[in-house]
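Subject: Structure handover

Hi,

Here is the structure for your files. My notes on helix packing, aromatic pairs and nonpolar cores follow below it.

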Amino acid sequence: MTSIEITHTVTLAGSAAGFAAFAGTWGYLFFKHKRKFAALRKKKYLVPYFFALAVMVLASACQGGLLGLVSGFSTGAGNQAGTLASRGMVGGTGAVAVAQEGQLTFSGSWIALIVFAFACAFCWFAKNMGERVLMISGAFSGATWGLSISLGGLAAYTGVPLSNWLGALIIG
């Protein structure tokens, strides 16, 4: 096994690994609560998962610094996990890049860093291990989908400009 590459390009296999983490997490919760969708609408599941997912999607727009390192490592880990699973399960590598470019400006990156620090504090002071697992799963899905065409396209057209505008408004 090779070391994990820090990259800001999601492959098809990495995107599939992120989707598998998403589907696996919510599938587990669905079956844990006796196949009831009403249980999935609880705030104790939605808030940690989607907060971490949104933070990593936003962090994926940072190419450098601490956020770039964290999101690049998570994206590289997802790509490698997807490639390993693809070779064993479907017989392909899925090495085709699917990237959506949208980068944060200096001020927008500060907003993303503050939100990332808030997410780390949220994870550190979580009430139980279940919230931490939901945040890790959400962060993994967000890092692998953060630059893909589907979720990354939505972030590139809404979240990134909003963060850049907010950063310029607050920081200057």
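Helix H2 (residues 43-59) and helix H5 (residues 129-145) have axes that come within 7 Å and cross at roughly 35°. Axes here are lines fitted to C-alpha atoms over the stretch in contact, with angles from 0 to 180 degrees between N-to-C directions. Helices are DSSP runs (H or I, at least four residues), numbered from the N terminus. The crossing of H2 and H5 is right-handed (the near helix is turned clockwise from the far one by less than a right angle). On the H2 side, the contact residues include Tyr45, Tyr49 and Met56; on the H5 side, Leu134, Ala139 and Gly142 are among them. Contact means heavy atoms within 4.5 Å. By class, this contact has 12 nonpolar, four polar and two charged residues. Nonpolar covers Ala, Val, Leu, Ile, Met, Phe, Trp, Tyr, Cys and Pro; charged covers Asp, Glu, Lys and Arg; the others, Gly among them, are polar.

The model is predicted: local features need pLDDT of at least 70, side-chain atom pairs count only at pLDDT 80 or more, and totals for chains, interfaces and linings use all residues. Residues are numbered from 1 along each chain as its sequence is written, and side-chain values use heavy atoms, with hydrogens and water left out.

Next, the rings. There are 10 aromatic pairs (Phe, Tyr or Trp six-membered ring centres within 6.5 Å; planes under 30 degrees apart are stacked, over 60 edge-to-face, the rest tilted). Phe22 and Tyr49 are a tilted pair, because their centres are 6.0 Å apart and their planes stand at 50°. This pair links distant parts of the chain: Phe22 is in helix H1 (residues 12-32), Tyr49 in H2, 27 residues apart. Tyr49 is buried at 0% relative accessible area, while Phe22 is partly exposed at 24% (buried is under 20%, exposed over 50%, partly exposed in between; 1.4 Å probe, protein chains only). Tyr49 also pairs edge-to-face with Phe50, at 5.2 Å and 80°. Phe19, Phe22, Trp26, Tyr49 and Phe50 form one aromatic cluster.

Now the cores. The largest nonpolar core has 16 residues; Met56 and Phe116 are among those touching the most other members. A core is a set of buried Ala, Val, Leu, Ile, Met, Phe, Trp, Tyr and Cys residues joined through side-chain atoms within 4.5 Å. H2 gives the most to this core, five residues. Beyond its neighbours within four places in sequence, Met56 contacts residues including Val70, Phe116 and Ala139. A second, separate core of 10 residues includes Trp26, Tyr45, Tyr49 and Leu134.

Best regards

Definitions and conventions. Helices (H or I, at least four residues) and strands (E, at least two) are DSSP runs, numbered from the N terminus.
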